[in-house]
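Subject: Structure for you to look at

Hello,

Here is the structure I promised to send. Please open it first, then read my notes below.

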Amino acid sequence: MEPLKIVVTGPVGAGKSTLIRTLSETEVVDTDALTSENIGKETTTVAMDYGTLHLGDQLLYLFGTPGQDRFDFMWDVLSDGALGLLMLIRGDKPEDFVAARKQLDYITSRHPVPYVMGVTRQDRPPVWGPEEVAPFFGLPLQRVVGINATDPQSAATPLIRLLELMLEDQRAV
Amino acid sequence: MAIFGNLNHMSLSDLLPFLSSQQGALEIFNLERHPGVTMYFNEGMLTCLYLGNKEADALLARSIVGEILGARKGAFEFLPQARPRRCSQLLNMRVDRLLVSVTTTQDEFAQVREQLPHPKTVFKIAGQTAPQDSRISDFWQKARSHLQAGASSEQLAGDLGMPLDHVRFYLHRLRQLRAVEPVRARPKTVPASGSAASRLLGALKRRFFGTNKEKVWSH
């Protein structure tokens, strides 16, 4: 059975690497480098994160994209042929929302990939919730879920929502 | 008597007010981003603008004037009494109003530069309401047929012969007015069949929740 690919994307520090580490059953391969500019953390992903998850006999590859704009060519490379896209944003960092919207619009307008947005840090109020985030991004509320990327059940929630929405879409065809 | 110089020493916003009251042509050359530009003036009006050999319509003329306003490289020469060889559609734009309009657009552009969409993001029409602002409605009229099928800033810039950043700016404004929205590409083929998605969903819930029913995660 061919492995399927899930792409986790979003701005720097949104929790992409954390979510993949939380969900992956194998040690995550990352390509972190020391940051050369002040982005609020010491290392950042420069190519991709990679983890795996077996669901029954189906292998899922979990790919995390780099957050910086200058690696936008990786968004295309990783999104091509993906089963789904998880877009993560930090709910307590609204200054990143415009960049995140740009990234989401870019990928979803170019790649026919089902998507869900995860709003991280829901355990650390004050934080924007899905009800506030959805209208800002112009998304249906059902495509936005609040999560804590360090909690396995919570981290699995956007993936569950993604599959549920795919099923709904398939039933509607 | 001759009027000539360099945009590095005298900007277009300094030149236009005093040249526009005269009749003649302002030729601008050695620009970084354009072939030569020729502007024809008569009685305080910009009557015609050529970009190389191409005659500009009102939308393109505003874009070109906007770009040259910010240009610091380029030489100019004014040719008194020169008239356009041909001008199929007179612009007849009052220069003082044009300057205010273009400067306002430039200021707005600078404010939203970081918010402008990626050049490759595809937009489509979201509503039929025509924008009231003439600066945007001109663009809307020209771009609407392209946006019916979906188009990116990059494609529109090529098709309409406009600067890419100006197209990004107009699409940003049209999006704010809910006249356009980004395309959400629908899957052409479903990577996993219905039964496969259902199977994955069941396995995912069992793995993380120990049941086929998802518990509601609360913080």
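How many positive and negative side chains does chain B have, and how far apart do the centres of the two sets lie? Chain B has 29 positive and 19 negative side chains, and the two centres lie 15 Å apart. Lys and Arg count as positive, Asp and Glu as negative, while His and the chain ends are not counted. Each charge is placed at NZ of Lys, CZ of Arg, CG of Asp or CD of Glu.

Some ground rules. This is a predicted model, where local features need pLDDT of at least 70, side-chain atom pairs count only at pLDDT 80 or more, and totals for chains, interfaces and linings use all residues. Residues are numbered from 1 along each chain as its sequence is written, chains are lettered from A and ligands numbered from 1 in the order in which they are written, and side-chain values use heavy atoms, leaving out hydrogens and water.

Chain B

Chain B has seven helices and 10 strands. Helices (H or I, at least four residues) and strands (E, at least two) are DSSP runs, numbered from the N terminus. The C-alpha atoms fill a box of roughly 90 × 35 × 30 Å along the principal axes. The radius of gyration of chain B is 25 Å, whereas a compact globule of 219 residues would have one near 17 Å. That radius is taken over C-alpha atoms, and the globule rule is 2.2 Å times the number of residues to the power 0.38. Of the 219 residues, 47% count as buried. Buried means under 20% relative accessible area, exposed over 50%, and partly exposed in between (1.4 Å probe, protein chains only).

Glu67(B) sits in helix H2 (residues 58–69) of chain B. Is Glu67(B) buried or exposed? Its relative accessible area is 15%, so Glu67(B) is buried. Leaving out residues up to four places away in sequence, Glu67(B) touches Arg33(B), His34(B), Pro163(B) and His166(B). Contact here means heavy atoms within 4.5 Å.

Most residues other than glycine have a negative phi. Asn30(B) is not a glycine, yet has a positive phi of about 60 degrees. Asn30(B) lies between strand E2 (24–29) and strand E3 (37–42). Asn30(B) counts as exposed because its relative accessibility is 52%. Arg178(B) also has a positive phi of about 60 degrees without being a glycine. Its loop runs between helix H6 (164–176) and strand E10 (180–182). Arg178(B) is exposed, at 69%.

Chain A

Chain A has five helices and eight strands. Their order is β-α-β-β-β-β-α-β-α-β-α-β-α. Of its 173 residues, 58% count as buried.

Ala134(A) is in helix H4 (residues 130–137). Ala134(A) counts as buried because its relative accessibility is 2%. Among residues beyond four places away in sequence, Ala134(A) touches Leu139(A), Pro140(A), Leu141(A) and Val144(A).

Most peptide bonds are trans. The one from Pro125(A) to Pro126(A) is cis, with omega near 5 degrees. Pro126(A) is in the loop between strand E7 (115–120) and H4.

Where the chains meet

The contact takes 48 residues from chain A and 37 residues from chain B. About 3600 Å² is buried between them, and carbon and sulfur atoms give 63% of that. On the chain A side, Lys102(A), Gln153(A) and Ile160(A) lose the most area, together 16% of what that side buries. Buried area is the accessible area (1.4 Å probe) that two parts lose on being put together, summed over both.

Best wishes
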